[in-house]
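Reader: I'd like to go through the helix packing and one of the pockets. Can you put the structure up?

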Amino acid sequence: MIFTNEILQKTKLENEQFKQAHLRAQLISLQQQISPHFLFNSLSTLKTITHESDTKNFVVQLSHVYRYLLNFNNHQVTKLSEELKFIRSYLYILHQRFEGSLDITIEVPDNYHNCLIPPLSIQLLVENAIKHNIVSPDMPLGILIHVNDKQELIIENTLQPKKSPVESTGLGLQNINDRFRLLFNKEININKANGTFTVILPLISYEHYYH
C-alpha cells in the first residue's frame with residue numbers, strides 16, 4: 001500500500017510538473033510569436049507584397065501558423081508531420097520578412113513523420129537561432145533540420161552572434177527539455193562546436209508512446 005501511494009504521489013507530482021512546463025512553453029510562445037511585435041511584423045510584410053497571389057499565399061500560411069498555435073493547449077504531443085507542416089508555414093512568413101537572409105533546409109524522411117515530439121519544439125529552436133544570431137543578406141543564417149543515424153532529430157544553426165548580444169534566460173531550451181523528460185523520460189542534448197549550435201531531440205515512436 002505504501003508503495004502504491006508513493007507511485008500515486010510521484011504521478012501527481014509529474015503531472016503537475018508537466019502542467020507547469022506546458023504553461024511556460026505557452027507563455028514563451030505568446031511572448032515571442034503571438035506578441036503585438038510578431039503580429040505587427042507579419043502585417044507590415046503583408047502590406048509590402050504587391051502581387052495578389054503572393055498576398056493570398058502569405059495570408060494562408062499565416063492562418064496555418066495561428067491555427068496551430070491556438071490549438072497548442074489541446075495537445076501535449078504532436079506528430080512530427082504536423083510540427084513540420086506548421087514549421088513550413090512559419091518559415092514561409094520568416095522568408096518573406098528576412099528575404100534572402102535565411103537559409104533553412106529540412107531533410108526529414110517520411111518514415112519519421114509518425115514520430116512524436118512536444119508541440120512548438122522546433123519552432124522555439126528556430127526562433128532562438130534568429131534571436132541570438134546575425135540575420136542579414138551579407139551573413140545569411142543557416143539552419144538545418146534533419147535526422148541523424150541514431151534516429152534523433154537535429155536542429156543546427158551557424159553561429160554568428162549579434163554584435164550586441166541578446167540576453168539569454170535559457171528558458172526556451174529548459175522548457176523543451178522539461179517536456180521531453182516529463183512526457184517521454186528523455187533528455188535533449190545541446191552542443192556548441194566548430195561554429196555550429198546544435199540541439200538534438202529524441203524521436204518517440206507513436207506505437208511506443210500509446211501502447
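Author: First, a term we will need: a pocket is an open set of grid points with protein on both sides within 12 Å along at least five of seven lines, and its lining residues have an atom within 4 Å of a point. Also, this is a predicted model.

Reader: Fine. Which residues lie nearest the centre of the second largest pocket?

Author: Tyr 68, Asn 71, His 75, Thr 78 and Glu 82 do, out of 14 lining residues.

Reader: Which elements give two or more residues to that lining?

Author: Helix 3 and helix 4. Helix 4 gives the most, with 4 residues.

Reader: And how much space lies in the second largest pocket?

Author: About 300 Å³. By class, its lining has 6 nonpolar, 5 polar and 3 charged residues.

Reader: Which residues make the contact?

Author: On helix 3, they include Asp 54, Phe 58, Leu 62, Val 65 and Tyr 68. On helix 4, Glu 82, Phe 86, Tyr 90 and Ile 93 are among them. The contact has 9 nonpolar, 5 polar and 3 charged residues. Tyr 68 and Glu 82 are also among the residues nearest the centre of the second largest pocket.

Reader: Next pair. Is helix 4 roughly parallel or antiparallel to helix 5?

Author: The axes cross at roughly 25 degrees and come within 9 Å. That makes helix 4 roughly parallel to helix 5, and the crossing is right-handed.

Reader: What does helix 4 put into the contact?

Author: Leu 80, Glu 83, Leu 84, Phe 86, Ile 87, Tyr 90, Leu 91, Leu 94 and Phe 98. Helix 5 supplies Ser 121, Ile 122, Gln 123, Val 126, Glu 127 and Ile 130. The residues of this contact divide into 11 nonpolar, 2 polar and 2 charged.

Reader: Last one. How do the axes of helix 5 and helix 6 cross?

Author: Helix 5, residues 121-132, and helix 6, residues 171-184, cross at roughly 160 degrees, and their axes come within 10 Å. The two are therefore roughly antiparallel to each other. The crossing is left-handed.

Reader: Which residues meet there?

Author: Ser 121, Leu 124 and Leu 125 in helix 5 meet Leu 173, Ile 176, Arg 179 and Phe 180 in helix 6. By class that is 5 nonpolar, 1 polar and 1 charged.

Technical notes. Residues are numbered from 1 along each chain as its sequence is written. This is a predicted model: local features need pLDDT of at least 70, side-chain atom pairs count only at pLDDT 80 or more; totals for chains, interfaces and linings use all residues. Side-chain values use heavy atoms; hydrogens and water are left out. Contact means heavy atoms within 4.5 Å. Ala, Val, Leu, Ile, Met, Phe, Trp, Tyr, Cys and Pro count as nonpolar, Asp, Glu, Lys and Arg as charged, and the others, Gly among them, as polar. On a 1 Å grid over the protein atoms alone, a cavity is a set of points where a 1.4 Å probe fits but cannot get out, and a pocket is an open set with protein on both sides within 12 Å along at least five of seven lines; lining residues have an atom within 4 Å of a point. Grid points are joined across faces, edges and corners, and a volume is the space filled by probe spheres set on the points. Axes are lines fitted to C-alpha atoms, for helices over the stretch in contact, and angles run from 0 to 180 degrees between N-to-C directions. Angles under 35 degrees count as roughly parallel, over 145 as roughly antiparallel, 65 to 115 as roughly perpendicular and the rest as oblique. A crossing is left-handed if the near helix is turned anticlockwise from the far one by less than a right angle, and right-handed if clockwise.
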